[in-house]
Structures are given as structure tokens and as C-alpha cells.
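Here are my notes on the strand pairing and the charged pairs. Please read them with the model open.

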Amino acid sequence: MKKIIIIGGGLTGLSAAHYLNKQTNQEVVDWQLYEADDHFGGKFNTVHRDGFIIEKGPDSFLARKPAGLALVDELGLTDQLITNATGKSYIYHDSAMHPIPEGSVMGIPTDIRALLESDLLTQDGKIRALEELMLDANVTEADQSIGAFFEHRFGKEMVVRLIEPLLAGIYAGNIYEMSLRATFPQFEQVAKEHRSLMYGLKSHRPETVNTTGTAKTIGAFRTLAGGLSTLTDALVDSLPEERLHARTKVKAIENTTVVLENGERIVADAIIIAATHDVVLSLLDAPAVKPLAEQPMTSLATISLAFDSEAVPAIPEGTGFLVARTGDYNITACTWVHEKWPHMVPEGKILLRGFLGKAGQVGLLDQTDEEMANKVQADLKEMIGLEGEPLFYEVSRMKEAMPQYTVGHQERLALVEKELRHSHPTIFLAGMSYRGVGIPDCIQASKTAASEACQQMEQVMP
């Protein structure tokens, strides 16, 4: 019997197990999954408290990427899908909430009138931004940073006040270090085809990423009625219990042998490491994976605060805001959960979810829960007039949770994969560190890894 080992029991590992369970003959292929923690599901953590549904991990996934919806359907959960409510989104800058200009695509304006009417930019900033209509494409042969690309096109002011809060927020990264090609390649492609991003995005807007303006549109995101832990719980329930091993840490990988912390050694025909690159580096002492050491990680925290509705007398209409890094604030963003996901909050209550964590920030997770909650409340008191004490709060700590795709990421990844195929052809990598940090990206990566592992075994089967 052929043996496949999956290392990691988060969404990626569980999804890999799901696809192996579908693709292989269980009498011929023995797959086993090992998770060091005492539970499966990784960062997924839905809390049900006093009628609230609170996500301490991811809260939704993009519907336009098919892998997420496909897995939901395969698990029989389609009837539980919920689409986010849409509305105004804001940038907090200079002690005021500024609506993101109508029709913006991930912070890039496509409506000249909306840009000119916005109070987020100065007159000089608007003039500089409009010069983008006449610039060269600035598509280079080599990879470049997000910051360099957009500053060339729109100027520093628009980058700092509008683009950076949106794009840096997705990866909790420094946009002057983040790879454009590995994170938002569609913008480079639009510039190449149309020269002007503003013109190109406007002409292709229905096919591109969803706008971040103010219009009421069909929501881009999906969750499940009972919270996203429903997804990972359903995966666990659908898999053979005897093949899932929690509280079982893998200590090392030696060629084709998986060494468990308890000393057990398992010779595998294929190994899927469904974890971030720091785990790969800790398990595999091989030159092939050394380039991964150049990839940093950022720690994050979310603080969800529940209030009676009168705690915020006049919350702006919309679903939340991002914070421009032009002031000394702790939070980087805040979602008004009761507006974006009304089914998660009881009537007469509000739920605010504040985000903490920036590239290069040190000591974030050394603070107590109370200290973090107090800092978020202090910011929200200034920003939206928050009053009183919360009914309760839930703090989520995610240590080194977000891999950073720095400039040259794709080239380093290609080198790693080429060297692995040569030196360790039975090892396959899947997870947030490689080709996307979103839920559908991780699911697609797991499906690819499962398929490649099966192909590897077919090549060596007698």
C-alpha cells in the first residue's frame, strides 16, 4: 500500500485530505494527516456568544475565485452561504472619515468626477493622480514593489492616503517591499494593455476585482450562516476519523521519512506540507528550501467588541473603514460587523471588529487582552464617537500568521520548487506562503498538491 503523509490540519491540510479521499482508492493509498495542535481547523475559530457570531479568524472568502464555492458545494453547505451587505467604506485620515471615491477598484479610482469631489486628497494630490492618464505603463521586466508601481502612476499622496490602507491591509505588509507580481498582477496586466490604469480598470471593471467605492452592489464575499468554522468542521466530519491525528507533532523530514516527536518514523511515498514556509524550514534541512528564509511573517490581532446600539450615537452609514498611516493609531481597520454581516449580531446590538498588526511591528502580541482592547476602544472613541464599556470583547492573537510576498517572490518560489523536484521529488508544498493568502487560494493549492502527490505515486507504482 502506498502512503501519503499530510502535515498540518488547518484548512489547507484538511482540504488536501478531502481531495485525496476523493481521488484515491483507499485500499491502495493510505493517507494520514498529522496536526501538532489539539484541534483541527488552524486559524478558523468561530465563537457563539450571547446571540453573537464572532469570527476570531478569517470571516469570509472571495466568491470570484471558484475553489471556495466549489468546496462548499462538495460538502453540501451551499444552502448556508451568506453574501456580505455592501455600502460605503471609508479611510480615516486627518481626524475625519473620508468615503472611498465611488467606483474605486482596490483604491484605484476609475471615476474622475468622484476623485475630484473627494475630500481625501488635496488639490495638488488630485492633479498629480490625474497625470496617470498620460503616463507610460511602467511595466518592467523585473518584479517591482506595489508602492513603487503606484507612486510612479499616482504620486505619493494618493498612495499613502488611499491605496496603501487598502492594499497593505490585505497582507498586513509594507507596500514598498511587497511584490506587485505576486500580489496584484492584474494591475500590471491592465497597465500593459491600456497604459492608463484608470482607463483600463474602468473599461474592464465588471471582470476585475470588486470596487471599493460607495455604491450598493452585490457583495464580493461569502461566509456560512453559522460562521466559517462550519467549513473546517464539515471537512473533519467528512473524513475517516482514524486518519486524522491531532496532538501529533512532526519533528523532521529525512529524505522520504517523516519523524514524529514521539520518535515514530514513517516512510512515505509522498509528503504534503500544508503549512506556512516557516514550518517547512523547521522540518526540512535542505538547500532547496533556503530561499524561503527570506520571506518575513507578520503577526496580527483582532479585537471584537460588542455593544448596545446606543454606544455609538451616530455611526456613519457603511460597513467599516481603513486607517491611513498618516497618524499615530493602533488599529489599521475596523469592520462594522452588524452592518456587513447582520445575521451575526442580535437586534439592538452592534459588533465592532478592530484589526491590529503592521509589517515590522514588534511586541504586538506581548500585550494583554485588556491592553489591546483598551487601545482599540481609545482609537474608536476618537474616530466614531464610541461611548461606554463593551458588553464583552473577544481577542484573537495570530502569531506570525501572514506571510509577506516581497519583491522577487515568484522567482524564489520557482527556484525552490525546481530544486525540490530534483532533490526531494516526494515533497509538495501548499499553504498561504506561496500563491495566495485567501481561503480559495489555499483550497486550490491543496487540490493541486493532492493531484501532484497522486501523480508522483503513479510514477513509482509497480
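Is Glu-417 buried, partly exposed or exposed? Glu-417 is partly exposed, with a relative accessible area of 24%. The model is predicted, and the points below should be read that way.

1. Start with the partner of Glu-417. Arg-435 forms a salt bridge with Glu-417, and the closest N and O atoms are 2.8 Å apart. Arg-435 sits in the loop between β20 (427-430) and α15 (439-460), while Glu-417 belongs to helix α14 (residues 409-423), so the pair ties together parts 18 residues apart in sequence. Arg-435 counts as exposed, at 56% relative accessibility.

2. A network also turns up. Arg-49, Lys-56 and Glu-394 are joined by salt bridges that share partners. The structure holds 17 salt bridges.

3. Next, a strand-to-strand pair. Glu-254 and Arg-265 meet through their side chains in a salt bridge (2.6 Å, N to O). Glu-254 is in strand β11 (residues 250-254) and Arg-265 in strand β13 (residues 265-267), so this contact ties together parts that are 11 residues apart in sequence. Both are partly exposed: Glu-254 at 37% and Arg-265 at 49%.

4. Arg-128 and Glu-131 form a salt bridge as well (3.8 Å, N to O). Arg-128 is partly exposed, at 25% relative accessible area. Glu-131 is also partly exposed, at 33%.

5. Now look at β9. Strand β9 (residues 221-224) pairs with β5 (residues 61-62) in the antiparallel sense over two bridges. Strand β6 (residues 81-83) pairs with β9 in the antiparallel sense over three bridges. Arg-222 in β9 stands opposite Phe-61 and opposite Thr-83.

Key: Residues numbered from 1 in each chain as written. Predicted model: local features only at pLDDT ≥ 70, side-chain atom pairs only at ≥ 80, totals over all residues. Heavy atoms only, no water. Pairing = 2+ DSSP bridges. Helix = DSSP H or I, 4+ residues; strand = E, 2+ residues; numbered from the N terminus. Salt bridge = Lys/Arg side-chain N within 4 Å of Asp/Glu carboxyl O. Buried < 20%, exposed > 50% of the residue type's maximum accessible area, 1.4 Å probe, protein only.
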